[in-house]
Structure formats: C-alpha cells, structure tokens
Amino acid sequence: FKRKKEFKREFDIYKTVFGFTAPYKIIVDGNFLHMAIKNKVFLKDVLEKLLGDTVVIFITECVLHELKSLGEPASGTFVAARRLIREKCEHKTKHLSPDECLKRFVGKRNRGKVIIATQDKGLSHLLAEIPGCPVVHFLNNQIILSKLSPASWRKIKAQNQNAQSLSDKEKKELKEMKKRKALENFVPEGAKPNLQRENKLYKELLCLGKRKKAKGPNPMSCKQKQSNS
C-alpha cells in the first residue's frame with residue numbers, strides 16, 4: 001500500500017509538472033511484452049490501475065521487426081505484439097535496434113508525453129537522461145513505475161526557480177503600481193480639485209466629512225393616542 005502511494009505521488013508530478021494527461025500513451029518493447037505473457041498479466045487492466053486512468057498501448061515497427069527476426073523462441077510474443085496499435089517510427093532508417101528506436105521516438109524533451117515499458121536496463125539508463133520520461137517495468141512479477149530520474153528533478157527545480165523569480169518580479173511591479181496610484185490620488189491641502197479628472201477615491205474622501213442633516217420628528221409618532229372612553 002505504501003509503494004502504491006509513492007507511485008501515485010510520483011506520477012502526479014508527471015501530470016502536474018510535465019503535462020501528462022489521459023489517455024496515457026504507453027509504448028512497449030519486446031522484453032516487457034514477453035514478461036507480461038510469461039506472467040499472464042493483462043497489461044491494459046494492470047497499467048490503468050497503476051496510473052489511475054485510461055491507457056493506450058502501442059508498439060513500434062522496429063520492436064515488431066526484432067521479435068519477428070528472433071523466430072520460434074519469440075513467436076508467442078510476436079503474435080501478441082501484432083495485435084497492438086503500431087506507432088510509426090520517428091526515424092528515416094528502415095529499422096533500428098529497439099533501444100535506439102525508442103530513444104529517438106521520445107526525443108530530447110518527450111514532447112509526445114509517452115511512457116516507455118521496458119525490461120532493458122540499458123534503455124532505462126538512456127531514458128533517465130531525458131527529463132519527464134516515465135518508465136514502467138516488471139519487478140517480482142509486478143509492474144512498477146521507476147523513480148523520477150535526476151534529469152527530471154533538475155527540470156522540476158529549474159521550473160520552481162523560474163516560478164519564484166517571476167513571483168518576485170510581480171511583487172516589485174505591484175509595489176511600483178501602488179506608489180504611482182498613491183501619487184495620483186494625492187491632493188495638497190487647500191488645493192481645489194480638478195473636476196474633469198476627479199476620481200472615485202477623491203469623491204469618497206469628500207463624502208467622509210459630510211454628515212446627514214437630522215430630520216424632524218415623524219408627525220405620526222407625535223400623534224396622541226385616542227382614549228377608549
């Protein structure tokens with residue numbers, strides 16, 4: 001239960017800071033898909049439970065090509081992979097290794113907001129250098145979300161610093177605006193107001209010294225009550 005709360009907290013950061021929205025786009029590699037079949041895991045159900053919303057699972061042509069080239073040992077995984085939605089690769093080369101293909105697909109900033117599902121530690125290490133790129137993998141037959149990478153934390157820290165500096169700038173501008181407003185509203189003692197430029201604040205100041213005249217007694221209240229005799 002504690003681990004699930006940690007996953008939720010970290011994925012909330014991806015949503016808040018990096019702009020991830022449902023349905024979440026997940027791209028799987030061959031190793032991850034093989035593990036799912038081996039452990040009889042229904043990927044869509046488990047991933048939606050992990051991330052808390054709808055997911056769409058994709059596979060690239062390069063990953064599919066690798067599974068096909070492995071022949072009989074990967075035939076079951078290849079058949080399952082063919083049922084997934086195929087995502088067009090971002091490179092012009094006909095086929096690359098899955099690692100290189102997925103790294104290029106994510107790019108330097110992960111503009112497509114994709115989540116990579118892989119068992120390849122080398123690929124996970126490469127993706128950790130890209131801020132805002134979530135990675136999910138199997139651990140003890142369970143799918144977990146990898147911890148935020150140092151690159152992602154640096155990006156978060158930089159955004160927080162930018163937000164703070166912007167806030168300080170806004171405070172300074174507000175202070176200057178208040179000073180200008182105070183000078184505009186200042187009326188020297190004994191000076192006559194310029195009726196054409198008279199503002200609401202000056203009107204309110206003039207009304208402060210005025211008192212309403214006391215009205216005479218209500219004539220109805222002065223009428224004597226008639227006796228019942």
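Buried means under 20% relative accessible area, exposed means over 50%, and partly exposed lies in between, with a 1.4 Å probe and protein chains only as cover. The model is predicted, so local features need pLDDT of at least 70 and side-chain atom pairs count only at pLDDT 80 or more, while totals for chains, interfaces and linings use all residues. Residues are numbered from 1 along each chain as its sequence is written, and side-chain values use heavy atoms, with hydrogens and water left out.

**Exercise 1. Classify K113 and describe its backbone.**

Step 1: K113 has a relative accessible area of 31%, and the class between the two cut-offs is partly exposed.

Step 2: Place K113 in the chain: it sits in the loop between α6 and β4 (114–117). Helices here are DSSP runs of H or I with at least four residues, strands are E runs of at least two, and both are numbered from the N terminus.

Step 3: Look at the backbone. Most residues other than glycine have a negative phi, and most peptide bonds are trans. K113 is not a glycine, yet its phi is positive, about 55 degrees.

**Exercise 2. Find what G19 touches, and how far its C-alpha atom is from that of K113.**

Step 1: G19 belongs to the loop between α1 (2–18) and β1 (24–28). With 37% relative accessibility, G19 counts as partly exposed.

Step 2: Leaving out residues up to four places away in sequence, G19 touches Y14 and K113; a contact means heavy atoms within 4.5 Å.

Step 3: G19 and K113 are 94 residues apart along the chain, and their C-alpha atoms are separated by 7.6 Å.

Step 4: Stay in the loop between α1 and β1, where P23 is also found. A cis peptide bond joins A22 and P23, with omega about 0 degrees.

**Exercise 3. Work out which residues of α2, α3 and α4 are buried, and what follows each helix.**

Step 1: In α3 (residues 43–51), the buried residues include L43, L47 and L51. Seen down the axis of α3, the buried residues fall within an arc of 40 degrees, so they line one face of the helix. The arc is that of the directions from the helix axis to the C-beta atoms.

Step 2: On the face of α3 turned away from the buried side, D45 and K49 are exposed. After α3 comes G52, with a positive phi near 80 degrees.

Step 3: For α2, the buried residues are G30, F32, L33 and A36. Down the axis of α2 they fall within an arc of 165 degrees, so they line one face of the helix. K40 follows α2, and its phi is positive, near 55 degrees.

Step 4: For α4 (residues 61–69), the buried residues are C62, V63, L64 and L67. They pack against β1, α2 (30–38), β2 (55–60), α5 (75–81), β3 (85–87) and α6 (98–106). G71 follows α4 and has a positive phi near 75 degrees.

**Exercise 4. Describe the largest pocket and its lining.**

Step 1: Rolling a probe the size of a water molecule over the atoms shows where empty space is left. On a 1 Å grid over the protein atoms alone, a pocket is an open set of points where a 1.4 Å probe fits, with protein on both sides within 12 Å along at least five of seven lines; lining residues have an atom within 4 Å of a point.

Step 2: The largest pocket holds about 480 Å³ of space. Grid points are joined across faces, edges and corners, and the volume is the space filled by probe spheres set on the points.

Step 3: The lining has 17 residues, and K4, F7, K49, L50 and I143 lie nearest the centre of the pocket. The largest share, eight residues, comes from α1, while α1, α3 and β6 (142–145) each supply at least two.
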